[in-house]
Amino acid sequence: MKLFGWRIDVVLLAFGLGLLLALGGQALYLRWQVEAPLVEELAAWDGVDEVHLETGPGGARRVRVTLGPEARLIDVYAPLTRVVEERLGGEAAVVLADGRSPELQAAWDRLGFTVQEGAATGELETMRRRVEAWAASRGLASQLFVDDQYIYVTLRDQEHYLHEVIRRQDGAGGVPGRGKGEGG
């Protein structure tokens, strides 16, 4: 069968091959010109141990970053999220991986309320004192940092470490969310 003098099967085959070539070229470009250089750059940063790109539910891009126990979150997290957003777009999420133990997770489950309360009320100094005193009473080392967007928390025991990033209260009175660390 012909349409305007062209065989329909040849037209459909050419269209399919062209579409496949365009989509494959786009995927290769994204992989070798955007993603690979991003992973290489981030892996070279001080405090960053590993970087992996993942595709989450619904095709959302996630950058899983494993930070070392001595990493200063305030120096790494905000610049890292800026670079990821510039290269992969604002929909990409940074997920922190760490070396948490069940004991450190239980400690965070307890301290998370104090940190969220500090983020919501703005009583950051009171929050810092309470977190440091509670952690020290259980033999944990703690680091807390604050900037205009986040509260950064690191807890360490002899063998394990936990990193958490909590978004501070926004101007509308709501707490917009948090960057969650995960066990690595």
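Buried residues are those under 20% relative accessible area, exposed residues those over 50%, and partly exposed residues those in between (1.4 Å probe, protein chains only). By this criterion, 35% of the 184 residues in the protein chain are buried. The model is predicted, so local features need pLDDT of at least 70 and side-chain atom pairs count only at pLDDT 80 or more, whereas totals for chains, interfaces and linings use all residues. Residues are numbered from 1 along each chain as its sequence is written, and side-chain values use heavy atoms, with hydrogens and water left out.

**Figure 1. Overall architecture of the protein chain.** The protein chain contains four helices and ten strands, where helices (H or I, at least four residues) and strands (E, at least two) are DSSP runs numbered from the N terminus. Their order along the sequence is β-β-α-β-β-α-β-α-α-β-β-β-β-β. Of the contacts (heavy atoms within 4.5 Å) between residues at least 6 apart in sequence, 53% join residues at least 24 apart. The accessible surface, from the Shrake-Rupley method with a 1.4 Å probe, is about 10,900 Å², and carbon and sulfur atoms account for 56% of this surface.

**Figure 2. Parallel pairing of strands β4 and β5.** Strand β4 (residues 61-67) runs parallel to β5 and is joined to β5 by five bridges; two strands are taken to pair if DSSP finds at least two bridges between them. Val65 has Leu96 of β5 as its bridge partner. Between β4 and β5 the chain passes through helix α2 (residues 73-88), in a β-α-β crossover that is right-handed: with the strands pointing away from the viewer, the path from the first strand over the helix to the second runs clockwise. Strand β5 (residues 93-98) is mostly covered, with five of its six residues buried.

**Figure 3. Helix α2 and the setting of Thr81.** Helix α2 has 16 residues and reaches 21 Å from its first C-alpha to its last, close to the expected 22 Å; the expected span is 1.5 Å times one less than the number of residues. Buried positions in α2 include Val76, Leu80, Val83 and Val84. Thr81, also in helix α2, is buried at a relative accessible area of 10%. Its C-alpha atom is separated by 9.7 Å from that of Val95, 14 residues apart along the chain. Just after α2, Gly89 adopts a positive phi of about 95°.

**Figure 4. Helix α3 and its kink.** The 20 residues of helix α3 (residues 102-121) reach 29 Å from the first C-alpha to the last, close to the expected 28 Å. A kink of about 35° is centred on Leu111; the bend at a residue is the angle between axes fitted to the seven residues ending there and the seven starting there. Leu111 is itself buried, and other buried residues of α3 include Leu104, Trp108 and Val115. An α-helix has 3.6 residues a turn, so residues three or four places apart point the same way. Gly122 follows α3 with a positive phi, near 85°.

**Figure 5. Surroundings of Tyr161.** Tyr161 belongs to strand β8 (residues 161-167) and is buried, with a relative accessible area of 11%. Beyond its neighbours within four places in sequence, Tyr161 is in contact with residues including Thr66, Leu67, Asp98, Leu104 and Leu155. The C-alpha atoms of Tyr161 and Leu67 are separated by 9.7 Å, although these residues are 94 apart along the chain.

**Figure 6. The hairpin of strands β6 and β7.** Six bridges join strand β6 (residues 141-146) to strand β7 (residues 150-156) in an antiparallel arrangement. The two strands form a hairpin with three residues between them. Gln143 stands opposite Thr154 in β7.
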